Amino acid sequence: SEYSEEPTRHPSLKVNAKEPFNAEPPRSALVSSYVTPVDLFYKRNHGPIPIVHDLQSYSVAVTGLIDNPRKLFMKDIRSLPKYNVTATLQCAGNRRTAMSKVRTVRGVGWDVSAIGNAVWAGAKLADVLELFGIAKLTSSTSLGGKHVEFVSVDRCKEENGGPYKASIPLSQATNPEADVLLAYEMNGETLNRDHGFPLRVVVPGVIGARSVKWLDSINVIAEECQGFFMQKDYKMFPPSVNWDNIDWSSRRPQMDFPVQSAICSLEDVQMVKPGKVNIKGYAVSGGGRGIERVDISLDGGINWTEASRTQTPGKHYISEHESSDKWAWVLFEATVDVSQTTEVIAKAVDSAANVQPENVESVWNLRGVLNTSWHRVLLRLGH
Ligand code: MTE
Ligand code: MO
């Protein structure tokens, strides 16, 4: 079958769909280290994992509204300055299973682990585009509303057997500060097949769907990409829209992800002994907005205490060009005292003071994307 050459995967991954392969690590794996190990990083696919056999002949075609379209080989991309960017990648479908409990949604079910934090290394897209006569973004640049489309070598059902694709605005692609990478390394190792070998896009601060894996071409285009995953998926609809009245063209493709957090040291219903319980989790926001605060409540959101936060830069991977951690998550920690069965709530606040919504009902949508509601776990007293 077309799935007979899938890579081997870590046995502790929870498989949410087998073909295409979609899996997430146990919650505890996310708070065991600041940088998520590659084998435990969630895997989100829409088709079989492609195999690129010959790295010498592998190339990315750069085409569209540029002067001299041509192919770039790995040696061309590696000859550009190499940047390390610590960035959290999160699927827009993260926490979908919880949203589906309100009302049915369509899509692969995910617990809270369709997210991971990695140190990506590669060339900046802004440097690549400069090779083609597209200047880096400055305040005076006129970009004419163009976009940069990324097309993969994989094949997926949703595209009728065609490749996965997505686009970002040219203004983001040419902005060196946006840190958009063509990445060939993940956590200091050669990118593996599951995560896009030999080359993938990483768009920091944006939903995972725009970080196209197994890159085949980069096209500078006048309008945003018309592919399925831009136009007929990964959009946030209001709770009133259903499959009978949906008008896909009425909403824009989701780009930046909203502020998010989840408790990862405990399951949804966790048996505990009376006394101190340690609570650990992650918090992250999109668009380069850092996390300002993580609040914990034991009484349904009336009283809150602040959790402590850590952000450990991926220093040991970093050589010449260092990045800040503005695209990366923080891990948080708090200790609570429980003497009875108690619900624990976590909510994060980002640097623009955006706050997670209280209830999943208020953000429910038919595709089950962007469940960023307060994360709640029940501590059930046992002995
Ligand atoms: N790129 C290709 N070519 N094919 C895909 O199916 N899935 C996207 C994105 N890039 C996808 C892709 C989605 S929806 C997400 S969330 C991320 O890749 C997941 O990246 P990961 O598997 O490395 O965690
Ligand atoms: Mo995704």
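Start with ligand 1. The space it takes is the largest cavity. Keep in mind that this model is predicted.

Next, show the residues within 4 Å of ligand 1. There are 20 residues around ligand 1. Pick out the closest: His-46, Asp-154, His-195, Arg-200 and Lys-213. Now colour the shell by class. Nine of its residues are nonpolar, six are polar and five are charged.

Zoom in on the polar contacts. Select Arg-44 and show its backbone. One of its backbone N or O atoms lies 3.0 Å from an oxygen atom of ligand 1. Move to His-46. Here the side chain makes the contact: a polar atom sits 2.7 Å from an oxygen atom of ligand 1. Then select Asp-154. A side-chain N or O atom of Asp-154 is 2.7 Å from a nitrogen atom of ligand 1. Ligand 1 taken alone exposes 530 Å², and the protein buries 100% of that.

Now leave the ligand and go to a sheet.

Which strand pairs with strand 15 in the parallel sense? Select residues 375-381: this is strand 22, joined to strand 15 over four bridges. Leu-378, in strand 22, is the bridge partner of Val-269.

Conventions. Residues numbered from 1 in each chain as written. Chains lettered and ligands numbered in written order. Predicted model: local features only at pLDDT ≥ 70, side-chain atom pairs only at ≥ 80, totals over all residues. Heavy atoms only, no water. Pairing = 2+ DSSP bridges. Helix = DSSP H or I, 4+ residues; strand = E, 2+ residues; numbered from the N terminus. Polar contact = N/O pair within 3.5 Å; in protein donor to acceptor, adjacent residues only side chain to side chain. Areas by Shrake-Rupley, 256 points an atom, 1.4 Å probe, with all protein chains shown as cover. 1 Å grid on protein atoms, 1.4 Å probe; cavity = no way out; pocket = protein on both sides within 12 Å on 5 of 7 lines; lining within 4 Å. Sits in = over half its atoms within 2 Å of the grid points. Nonpolar A, V, L, I, M, F, W, Y, C, P; charged D, E, K, R; others polar.
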